[in-house]
Amino acid sequence: MNGVSLNPFQGPQPYRAADRERFFGREETIRKLANRILAHPCVTLFGPSGAGKSSVMQAGVIPLLEELHEFRTVRIDGWLADEPPLCRLVEAMHAALDLGPVIPELQPLAALDAAVELAVLRSDRPILIYLDQLEQVFFPGRRLEQTCMLMRGIGALARKPVQGLQVVLSLREDYLGRFRDRVCEMRELLEQGFRLGPLTVGEMVKVASRLVASGMPVQSWPEEELRPLMRQMRVDGQDAKDEAEVQAAFAQIVCRDLWEERGMGGILEMAEAESRVHRYLEMSLHGLGPHKEAARELLEEHLVASDGSRTLMTEQQARAVLPPGVADAVLTQLESAAVLHAEEHQGSRYFELGHDWLARKVFELKRTRRERRARVRTAALVGVLVVKALVMVWLFTWAMEQRHLAQTAQLRALQAEERECAPVPASWSPP
């Protein structure tokens, strides 16, 4: 191993094709989903945030289809807010399928048709179009007409009489209602749904045990010690049993941090999963030294929306909001810590937080810190007001005392004056 260190835990990022050998626990799901995709022109993959939809597709289903059936894959992982989504799809097809430049004179739907026809002419290999995080096109603030245009384009793809053209749509299940509202007249987009649920505590314990054995250097975590830790990371509202579902991104962050700690000679301390997440974020920022606050502002103000969901930024936008000369250090550190996830886009990249779950944690920490600052400001204001009140009371007391002293002095003066002006009694005579 020669000192090489390889953390087997991804952190809050999906597994990719390169991670296929370390993606455990989903073998049967991968096989079933691949068969469903082969049998139908369009499959909608859905599940709760953190269930592992992206990992199952990218580290399991896509490599399997490419190896066994020589699929050509078009993949979109995120949808930038200022880019029409159908245009994004057309451009992705031209880039992934090597179709050359998009014909600028064509309208988006016509350009989509032309891309499919050209792809079929270029090769008889099947095509998989995988559209991940589709819930992003339904976020507040997105233009409705552009979302509807994308849905019409996807519907057209699903209806095309082209052998070997398969479409997979992936989105969070809490957006299924909005999705169905937009495609209610397109049965082909609704007929084949595939729900992916999270791994259970028992399953995640076995996965984590296999993962630590695949790291460098190899570690060993006893299952009886892992189980209480995984139960801390179960989905809210579920009983602390092996059948409870695990928040996978939470587990990945905690295990990544734990593995690093063990690698530096720490003990296998399984307690306090939540505190490890906070430490993970703080340590990722702490490594930036004087650039820490710039990185924090990037995460909290630009990569998390007002509702706690993830937002996307191009690399150019990220560099524009960071102080001059800081961008390389900040982006490299956050990406290497798996806090930021980057994807290639039009010769550059775009960034987003590694997972929806991590975005919510960043949002919660931001809100907690703001509340703490507000309490400090309130306490400071109360302190100032108290001091002012005390000063006013002292001034009032001092003024009253001065007034009393003045009145007393004036009274004494009047009394003295009266004594001087008083007439001498007649019966009195000098001695």
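Which residue of β4 stands opposite L128? Select L128, then Q166 in β4: Q166 is the residue opposite. Before moving on, a word on the model.

This is a predicted model, in which local features need pLDDT of at least 70, side-chain atom pairs count only at pLDDT 80 or more, and totals for chains, interfaces and linings use all residues. Residues are numbered from 1 along each chain as its sequence is written, and side-chain values use heavy atoms, with hydrogens and water left out.

**The sheet**

Show the strands. Helices (H or I, at least four residues) and strands (E, at least two) are DSSP runs, numbered from the N terminus. Five of them form an open sheet in the order β2-β3-β4-β1-β5, with parallel pairing. Now colour β2 (72–76) and β5 (193–195). These two stand at the edges with a single partner strand each, so one side of each has no neighbour in the sheet. On average, neighbouring strands here are turned by 20 degrees against each other, direction ignored. Angles run from 0 to 180 degrees between N-to-C directions, and axes are lines fitted to C-alpha atoms, for helices over the stretch in contact.

**Strand β3**

Select 127–131, which is β3. Here 5 of 5 residues are buried (under 20% relative accessible area; exposed is over 50%, partly exposed in between; 1.4 Å probe, protein chains only). I127, I129 and L131 cover one side, L128 and Y130 the other. In general, side chains of a regular strand alternate between the two faces of the sheet.

Look to either partner. Two strands pair if DSSP finds at least two bridges between them. β2 and β3 run parallel, joined by 5 bridges, and I76 stands opposite L131. β3 and β4 also pair in the parallel sense, over 5 bridges.

**Strand β4 and S170**

Move to β4 (residues 165–172) and pick S170. Is S170 buried or exposed? S170 counts as buried because its relative accessibility is 0%. Show its side chain with that of D132: a polar contact of 3.3 Å joins the two (a pair of N or O atoms within 3.5 Å; within protein, one must be able to donate a hydrogen and the other to accept it, and residues adjacent in sequence count only if both atoms are side-chain atoms).

Beyond neighbours within four places in sequence, S170 is in contact (heavy atoms within 4.5 Å) with residues including K53, Y130 and E135. Last stop: β1 (residues 42–47), parallel to β4 and joined by 6 bridges. There, L45 stands opposite S170.
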